[in-house]
Amino acid sequence: MRNTDGGAALVMVVLVVGLVVRRQLRTRPVRRNGSLIAPAVLGALGTAGIAFGVASVVRHRPLTTLPVVLLVASLAVAASLGAARARTVRIWRGPGSEVLRKGTAATTGLWLASVGVHLGLALWIDHAAGTGVLGTTSL
């Protein structure tokens, strides 16, 4: 039987990244008080996804060191590329004295590089684990 979890996850990743990149390239106001709701929800979903991925591996065999090290490396790469992307966003004061932001071509390039690195690491994590969808859920 063929496992289609990876294909569905790939489609979801492409859709989410496409929407995020599109939003980053539009001029948007910078809010004085940013909401913490979206980061909290995304953090909770990410934690639940990784927990599900770990459970999918340990159901069939013990989790070894290599997939865990690769998962930590993936999270470190995500943080460093996120910091690099943040430096590529233009911020300026608009005609009404509002503060505006807009991503650049470099922002898009770093998003695409980030996705490529994460996909590669996800495949490596799943290969190293030997079973389950830990790498796929880490996306």
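Reply: **A close look at one site**

Apart from neighbours within four places in sequence, Thr88 is in contact (heavy atoms within 4.5 Å) with Thr104, Ala106, Thr107 and Leu110. The model is predicted, so that local features need pLDDT of at least 70 and side-chain atom pairs count only at pLDDT 80 or more, whereas totals for chains, interfaces and linings use all residues. Numbering runs from 1 along each chain as its sequence is written, and side-chain values use heavy atoms, with hydrogens and water left out.

Thr88 sits in the loop between helix 3 (65-86) and strand 2 (90-93), where helices (H or I, at least four residues) and strands (E, at least two) are DSSP runs numbered from the N terminus. Thr88 counts as buried because its relative accessible area is 17%, given that buried means under 20%, exposed over 50% and partly exposed in between, with a 1.4 Å probe and protein chains only. The side chain of Thr88 makes a polar contact of 2.6 Å with the side chain of Thr107, and one of its polar atoms also lies 2.6 Å from the backbone oxygen of Arg85. A polar contact here is a pair of N or O atoms within 3.5 Å; within protein, one must be able to donate a hydrogen and the other to accept it, and residues adjacent in sequence count only if both atoms are side-chain atoms. Thr88 and Thr108 are 20 residues apart along the chain, and their C-alpha atoms are separated by 9.3 Å.

Thr107 is also one of the buried residues of helix 4, among them Trp111, Ser114, His118 and Asp126. Helix 4 covers residues 105-129, 25 residues in total, and reaches 36 Å from its first C-alpha to its last, close to the 36 Å expected at 1.5 Å a residue; the expected span is 1.5 Å times one less than the number of residues. Just after helix 4, Gly130 takes a positive phi of about 85 degrees.

Leu81 counts as buried because its relative accessibility is 16%. Between Leu81 and Val117, 36 residues apart in sequence, the C-alpha to C-alpha distance is 10.0 Å.

Ser97, in the loop between strand 2 and strand 3 (99-102), has a positive phi of about 70 degrees although it is not a glycine, and its relative accessible area of 47% is why it counts as partly exposed. Leu42, in helix 2 (residues 37-58), counts as exposed because its relative accessibility is 59%.

As for the whole protein chain, its secondary structure comes to 5 helices and 3 strands, in the pattern α-β-α-α-β-β-α-α when read along the sequence. The C-alpha trace spans about 60 × 25 × 25 Å along its principal axes. Of the 139 residues, 25% count as buried, and among contacts between residues at least 6 apart in sequence, 68% join residues at least 24 apart.
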